Amino acid sequence: MDLDLRKSGHGIGSNASLQSNLVLYSYCHSSCSWRIRFALSLKGIPYEYKAVDLSKGEQYSPEFERLNPLHYVPVLVDDNVVVSDSYAIFLHLEEKYTQKPLLPVDPQLRALNLQVASIIHSSIQPLHMLNVLKDMEKMFCAESKPWAQFTIDKGFSALEKLLKDFAGTYATGEHIYMADVFLAPQITLAVQRFDIDMSKFPTLSRLYETYKALPEFQASSPQRQPDALIHNP
Amino acid sequence: MYLYNDIIEESEVKERVGGSATDTEIEMEEKKLKLYSYWISSCSFRVRFALNLKGLPYDYLAVTSFSDPEFLKLNPIGFVPVLVDGDSVIVDSLAIIMSHIQYLEDKYPDPPLLPRDIHQRAINFQAATIVSSSIQPFQNYTVVKYIEEKVGTDEKLPWTQSVIGKGFMALEKLLKDHARRYATGDEILLADLFLAPQLDTAIKRFNVDMKEFPTLSRLHETYNEMAAFRKALPENQPDAVH
């Protein structure tokens with residue numbers, strides 16, 4: 001299957017004179033894809049956007065199966081290197097594209113950023129992804145939103161405790177790093193889709209206000225992606 | 001900065017790993033790592049395996065209650081594993097391993113945990129994150145208990161098995177063209193640190209049928225022959241319940 005080329009386009013920051021070998025398979029509403037779009041935007045790296053319409057099941061096409069047999073977005077193709085999973089993609093980008101570092105040099109701060117990102121990536125987001133929510137609804141014969149709220153509240157409580165002594169303008173001080181790249185889409189999703197009461201999490205709530213105003217975060221937001229036109233409600 | 005040395009010193013040390021002390025070992029002893037671990041936690045298992053591979057002695061501090069106020073002071077989010085390295089307190093196995101890779105590589109270069117080649121590095125990152133994000137969260141105690149409370153034991157196991165199976169299918173495809181003795185070649189690397197505990201957990205705790213995963217099965221047999229892995233096995237920890 002040839003993915004619909006009408007939905008391709010260049011990410012924000014694209015410069016005609018810059019050679020870009022990066023292709024990002026993304027879905028506008030995927031928070032994991034949003035992390036990588038945000039990271040690429042912060043680093044100022046141009047890329048080709050290849051839309052994968054999850055609502056049409058395009059992630060199950062034979063072509064996409066070869067890229068990622070788990071059928072998840074995002075997938076990054078960087079010349080002959082194919083990386084799926086947003087945490088792995090982030091590490092690859094951070095190692096290979098050293099402009100605008102998104103991990104600090106200080107070992108303890110570095111560990112904190114890896115930790116925050118890992119909590120979101122491993123302990124929160126997997127538990128409320130769409131496939132899992134569908135499974136829960138089948139098993140419970142009930143609405144799955146309470147389950148999602150339960151897992152997000154638990155994760156956010158941990159993050160609030162972890163960050164309250166470190167956060168400045170951003171999650172781990174005055175510079176934007178990996179923790180922010182993973183937090184920003186997660187908080188947005190929690191508020192907009194799962195109606196999480198953020199008054200319980202004052203640090204995260206304040207960070208959310210900061211992220212909303214960031215041009216790079218706005219540029220990578222779902223409604224600004226090439227495939228968003230087809231998905232406006 | 002975490003400065004809870006008093007709390008750490010008050011913690012009961014369940015076991016010291018290592019033999020008799022020499023001058024070098026005395027020096028190492030003063031800087032010895034402390035690992036807060038729970039025997040059956042596959043995330044703790046990853047870190048134990050990594051430390052054993054590097055030949056790093058550490059104090060094993062068994063966490064018997066996740067709401068223990070002393071433990072929560074050290075780690076307010078109440079997860080295991082936690083690694084205390086001097087003044088540093090690091091939680092979360094992926095963060096522990098990733099943040100320590102440079103430190104471990106510089107100070108204890110053999111064996112390396114990541115290859116030099118950028119393509120091979122990406123495959124190791126990917127295998128590690130498939131385990132840590134697409135499999136392990138669904139076999140986590142909190143999740144399994146929640147499901148069990150809602151629908152009972154009978155539905156919990158098949159669901160967890162199907163999630164593990166999907167992740168293993170992806171790993172099998174990712175690794176089949178790269179695996180030799182180990183997951184991504186002839187050296188043990190990051191992918192193995194995450195894969196080995198996951199395979200052990202899937203087979204022993206969730207009764208996953210491995211015949212559809214020949215590459216992973218073979219790797220599992222290889223890991224079981226390794227002293228560093230056997231030493232890290234849940235049943236061999238000081239707090240193991242038999």
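This is a predicted model: local features need pLDDT of at least 70, side-chain atom pairs count only at pLDDT 80 or more; totals for chains, interfaces and linings use all residues.
**Where chain B touches chain A**

- How many residues does the contact take from chain B and from chain A? It takes 41 residues from chain B and 42 residues from chain A.
- Putting chain B and chain A together buries about 3800 Å², and carbon and sulfur atoms give 68% of that area.
- Five elements of chain B each give two or more residues to the side that touches chain A: strand S5 (88–91), helix H5 (93–107), helix H6 (118–135), helix H7 (141–151) and helix H8 (153–175).
- Which element gives the largest share of that side of chain B? It's H6(B), with 11 residues.
- Sorted by class, the side of chain B that touches chain A comes out at 24 nonpolar, 10 polar and seven charged residues.

**Two helices packing in chain A**

- Helix H3 (residues 86–96) and helix H7 (residues 178–192) of chain A pack with their axes 12 Å apart, at an angle of about 145°.
- Their crossing, H3(A) with H7(A), is right-handed.
- From H3(A), the residues involved are Ser86(A), Tyr87(A) and Phe90(A), and they meet Met178(A), Val181(A) and Phe182(A) from H7(A).
- By class, that contact of H3(A) with H7(A) has five nonpolar residues, one polar and no charged.

**Salt bridges over all chains**

- Over all chains, the structure holds 14 salt bridges.
- One to look up within chain A is Asp78(A) with Lys96(A), whose side chains meet at 3.2 Å, N to O.
- That pair ties together distant parts of the chain: Asp78(A) sits in strand S4 and Lys96(A) in helix H3 of chain A, 18 residues apart.

- Most residues other than glycine have a negative phi, and most peptide bonds are trans.
- Against that background, Val73(A) and Pro74(A) are joined by a cis peptide bond, with omega at about 0°.
- Where is Pro74(A) found? Look in the loop between helix H2 (62–67) and strand S4 (75–78) of chain A.
- Lys100(A) isn't a glycine, yet its phi is positive, near 45°.
- You'll find Lys100(A) in the loop between H3 and helix H4 (107–124) of chain A.

Notes
Residues are numbered from 1 along each chain as its sequence is written. Chains are lettered from A and ligands numbered from 1 in the order in which they are written. Side-chain values use heavy atoms; hydrogens and water are left out. Contact means heavy atoms within 4.5 Å. Buried area is the accessible area (1.4 Å probe) that two parts lose on being put together, summed over both. Helices (H or I, at least four residues) and strands (E, at least two) are DSSP runs, numbered from the N terminus. Ala, Val, Leu, Ile, Met, Phe, Trp, Tyr, Cys and Pro count as nonpolar, Asp, Glu, Lys and Arg as charged, and the others, Gly among them, as polar. Axes are lines fitted to C-alpha atoms, for helices over the stretch in contact, and angles run from 0 to 180 degrees between N-to-C directions. A crossing is left-handed if the near helix is turned anticlockwise from the far one by less than a right angle, and right-handed if clockwise. A salt bridge is a side-chain nitrogen of Lys or Arg within 4 Å of a carboxyl oxygen of Asp or Glu.
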